[in-house]
Amino acid sequence: MMPEKNPYIVFTKHTPYIVMDVDTIIDENHQKLKASSVVALCRCGKSSAQPYCDDIHAVDGLREEKSKDRAPDHLKDYIGDDITVHFNLGVCCHDGCCVEKLPQVFDINKKPWIQPNNGKIKDIINIVEGCPSGALSYSIGSRRYQDLDRPPSIHIQKDGPIEIKGFIKLKDDENTVPACKEHYTLCRCSSSKNKPFCDGAHLDGNFE
Ligand code: SF4
Ligand code: FES
């Protein structure tokens, strides 16, 4: 099911995220925010009206750029007998969902850290489909599965990134395309090295 509207998020290095035509925005308390055709969401982490922009960037300035020493945007394959899991460290938001929910397959203390033969296919698919950043995908045979079929929605994570679902396009001054077009996570703390995407830097504890 593809959306009837054409929702998108427009921004530059110097602006907040301007969300256009997204009816469903859920805050960190799981409450649906009032729908509006245009919403400005904070990306500098300093707004006192979170998750909205309060124009503080106009005072403090905003220059949200990728760092040269960010994790590389690279897909690595973890091959099992019946399923191959793909992982892109460059876009992982490090929320830990995979390692918490299926530790027999996803365990950062093992090498390789993903071992598909240790779990059931349906459980692995569940985890991949729950990965908010799009860092995980999988292949069965020669077919790769990455996108889901969901209506457009935006979810504000508590003390964390903005989770995007449902093929919401990005329109910025650098033609940014998410690694997974259906879902991805946007930085709203301003500390990510992979802006506009979250890289888990908010976990350092300086963002609430
Ligand atoms: S973003 Fe995906 S790969 Fe990264 S920790 Fe979360 S579930 Fe795992
Ligand atoms: S919100 Fe995760 S790095 Fe900024």
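Trainee: Which side chain meets Lys13 in a salt bridge?

Mentor: The structure is a predicted model. In this model, the side chain of Glu174 meets that of Lys13, with a distance of 3.9 Å from N to O.

Trainee: Where do Glu174 and Lys13 lie?

Mentor: Glu174 is in the loop between strand 11 (169-171) and strand 12 (183-186), and Lys13 is in the loop between strand 1 (8-10) and strand 2 (17-20), so the pair ties together parts that are 161 residues apart in sequence.

Trainee: Is Lys13 buried or exposed?

Mentor: Lys13 counts as buried because its relative accessibility is 16%, and the cut-off for buried is under 20%. Glu174, at 47% relative accessibility, counts as partly exposed.

Trainee: How many salt bridges does the structure hold?

Mentor: The structure holds 10 salt bridges. As a general point, side chains of opposite charge can pair when their charged atoms come close.

Trainee: What does Lys195 pair with?

Mentor: The side chain of Lys195 meets that of Glu64 in a salt bridge, at 3.3 Å from N to O. Lys195 lies in the segment after strand 12, and Glu64 lies in the loop between helix 1 (57-60) and strand 5 (75-79), so this pair ties together parts that are 131 residues apart in sequence.

Trainee: Is Glu64 buried or exposed?

Mentor: Glu64 is buried, with a relative accessible area of 6%.

Trainee: Which residues are joined into one network by salt bridges that share partners?

Mentor: Lys13, Asp173 and Glu174 are joined in this way.

Trainee: Changing topic, where does ligand 1 sit?

Mentor: Ligand 1 sits in the largest pocket.

Trainee: Which residues surround ligand 1?

Mentor: The surrounding residues are Phe87, Cys92, Cys93, His94, Asp95, Gly96, Cys97, Cys98, Cys131, Ser133, Ala135 and Leu136.

Trainee: How many residues of the shell around ligand 1 are nonpolar, polar and charged?

Mentor: By class, the shell has 8 nonpolar, 3 polar and 1 charged residues. Asp95 is among the residues around ligand 1, and Asp belongs to the charged class.

Methods:
Residues numbered from 1 in each chain as written. Chains lettered and ligands numbered in written order. Predicted model: local features only at pLDDT ≥ 70, side-chain atom pairs only at ≥ 80, totals over all residues. Heavy atoms only, no water. Near = heavy atom within 4 Å. 1 Å grid on protein atoms, 1.4 Å probe; cavity = no way out; pocket = protein on both sides within 12 Å on 5 of 7 lines; lining within 4 Å. Sits in = over half its atoms within 2 Å of the grid points. Salt bridge = Lys/Arg side-chain N within 4 Å of Asp/Glu carboxyl O. Helix = DSSP H or I, 4+ residues; strand = E, 2+ residues; numbered from the N terminus. Buried < 20%, exposed > 50% of the residue type's maximum accessible area, 1.4 Å probe, protein only.
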